[in-house]
Amino acid sequence: ADTNTAVDVSTNLGSFAAQFTTTPLFFFKAFLLSDGLQPVELDEVSLTYEPRVSAAESILTATTPITAGGAGSTLTVTAKDQLGNPIAGIPAAQMTFGSSDPKDTLTQPASATSAIGQATGTLTSTTAGSKKISVTIQGVSVTQTATIEVTAAAASQFVLTTPSSEQ
């Protein structure tokens with residue numbers, strides 16, 4: 001069809017964004033029907049665009065290496081839309097960090113994404129080794145993962161025993 005109802009436009013507005021390849025612009029024509037007896041006037045059109053998280057464009061970084069049992073790694077996620085624009089205001093409850101090691105301790109973001117789309121959390125670990133970190137934002141699994149190297153802590157004491165001389 002060559003025309004759409006207001007409901008059609010509202011329902012499909014989010015899918016229009018996927019067609020943008022540069023700065024998003026949205027143009028439309030409004031055809032108003034009249035029986036010719038009453039004037040037809042378009043007072044206002046309101047469109048709202050809510051960006052959706054892009055799995056491919058969003059970024060996950062982590063500080064590495066860290067020491068087992070020591071200070072943790074800072075995990076930083078930058079939520080971006082399909083055009084690479086940061087998404088501010090995503091609630092903390094809609095972001096979840098994950099680790100390949102179930103024994104790791106993850107602190108999830110405490111606040112919404114900032115004006116530049118960033119939120120942070122931490123990972124601490126008591127076991128040495130490589131840890132693969134992932135993040136999910138608003139149900140979208142971000143493609144990029146981060147690897148944290150956890151090194152063993154230095155020995156806190158060194159005990160040397162000798163065999164008994166009594167036979």
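Leaving aside its neighbours within four places in sequence, which residues is Val135 in contact with? The list runs Leu60, Val77, Thr96, Phe97, Val140, Ser141 and Val142. Keep in mind that this is a predicted model.

**The core**

Val135 also turns up in the largest nonpolar core, a set of 21 residues. It is among the members with the most contacts inside that core, along with Val77, Ile90, Met95, Ile133, Ile137 and Ile148.

**The four-stranded sheet**

Now for the strands. Four of them make an open sheet in the order β1-β3-β6-β5, with antiparallel pairing. At the edges sit β1 (59-62) and β5 (105-107), each of which pairs on one side only. From one strand to the next, the twist averages 20 degrees.

**Around β9**

Strand β9 (residues 146-151) is worth a look from both sides. In a regular strand the side chains alternate between the two faces of the sheet. In β9, the covered face holds Ala146, Ile148 and Val150, while Thr147, Glu149 and Thr151 are on the uncovered one. Ile148, from the covered face, is one of the core residues with the most contacts.

What does β9 pair with? Strand β2 (residues 66-67) runs parallel to β9, whereas β7 pairs with β9 in the antiparallel sense. Here are the pairings that come with a bridge count:

| Strand pair | Direction | Bridges |
|---|---|---|
| β2 and β9 | parallel | two |
| β7 and β9 | antiparallel | five |

Down at the residue level, Thr67 stands opposite Thr151 in β9, and Lys132 has Thr147 in β9 as its bridge partner.

**Ser125, a loop residue**

Between β6 and β7 (129-137) there's a loop, and Ser125 lies in it. Is Ser125 buried or exposed? Its relative accessibility is 3%, so Ser125 counts as buried, given that the cut-off for buried is under 20%. Its side chain makes a polar contact of 3.2 Å with the side chain of Lys131.

Not counting residues up to four places away in sequence, Ser125 touches Thr67, Ala68, Gly69, Asp104, Lys131 and Val150. Two of these names have come up already: Thr67 is the residue opposite Thr151 in β9, and Val150 belongs to the covered face of β9.

Note on methods: Residues numbered from 1 in each chain as written. Predicted model: local features only at pLDDT ≥ 70, side-chain atom pairs only at ≥ 80, totals over all residues. Heavy atoms only, no water. Pairing = 2+ DSSP bridges. Axes fitted to C-alpha atoms, helices over the stretch in contact; angles between N-to-C directions. Buried < 20%, exposed > 50% of the residue type's maximum accessible area, 1.4 Å probe, protein only. Polar contact = N/O pair within 3.5 Å; in protein donor to acceptor, adjacent residues only side chain to side chain. Contact = heavy atoms within 4.5 Å. Core = buried A, V, L, I, M, F, W, Y, C linked by side-chain atoms within 4.5 Å.
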